[in-house]
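Hi,

Here is the structure I promised to pass on to you. My notes on its aromatic rings follow below.

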Amino acid sequence: MRKSEKNQNNRKVGTFYEQIAGRYLESIGYNILQFNYRCKAGEIDIIAKDGNYLVFCEVKYRSDNSKGMPSEAVDYRKQKVLSKCALFYITTHRCTQMPCRFDVIGILGGKDNSAQTEIKHFKNAFFYLG
């Protein structure tokens with residue numbers, strides 16, 4: 001498989017599990033505002049509202065835990081990127097007075113549609129890193 005094909009396949013898998021995460025968030029009362037928000041600083045998987053909070057949500061999927069749990073992939077470097085993207089979003093959308101937080105959703109298993117998936121949701125998973 002060529003690198004471009006692998007990247008396209010990874011993007012399809014990512015999109016599939018981001019949609020699962022979005023449906024999960026909606027089921028617990030979140031209002032999804034946007035999937036895959038992109039700006040010059042990077043990308044945020046899901047932007048949603050939870051009550052009065054604007055939530056920036058990173059979704060990580062792993063077919064198994066041989067490389068660690070999915071949420072562990074949201075390391076310091078990724079948190080910095082998400083923080084910059086969030087700042088760009090709240091500035092350009094003029095919602096600087098709205099309280100914000102960062103959630104992480106880890107999805108484990110479910111390599112095919114018949115397999116069981118485990119969703120772990122970490123509210124307020126990390127603080128803004130300026």
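Phe102 is buried, with 5% relative accessible area, and Phe56 is buried too, at 3%; buried means under 20%, exposed over 50% and partly exposed in between, with a 1.4 Å probe and protein chains only. This is a predicted model, so local features need pLDDT of at least 70 and side-chain atom pairs pLDDT 80 or more, while totals for chains, interfaces and linings use all residues. Residues are numbered from 1 along each chain as its sequence is written, and side-chain values use heavy atoms, without hydrogens and water.

The whole structure has six aromatic pairs (rings of Phe, Tyr and Trp, the last by its six-membered ring, with centres within 6.5 Å; planes under 30 degrees apart are stacked, over 60 edge-to-face, the rest tilted). One of them is Phe16 with Tyr17, edge-to-face at 4.9 Å centre to centre and 90 degrees between the planes. Phe16 is partly exposed at 37%, whereas Tyr17 is buried at 3%.

Back to Phe56 and Phe102: their ring centres lie 5.8 Å apart with the planes at 35 degrees, so this pair is tilted. It links distant parts of the chain, 46 residues apart: Phe56 is in strand E3 (residues 53–62) and Phe102 in strand E4 (residues 100–109). Strands here are DSSP runs of at least two residues, numbered from the N terminus. Both rings belong to a cluster that ring pairs build from Tyr37, Phe56, Tyr89, Phe102 and Phe126.

One more for you: which residue lies over the face of Tyr53? That is Arg101, at 5.4 Å from the ring centre (the cut-offs are NZ of Lys or CZ of Arg within 6 Å of the ring centre and within 35 degrees of the ring normal).

Best wishes

Notes: Helix = DSSP H or I, 4+ residues; strand = E, 2+ residues; numbered from the N terminus.
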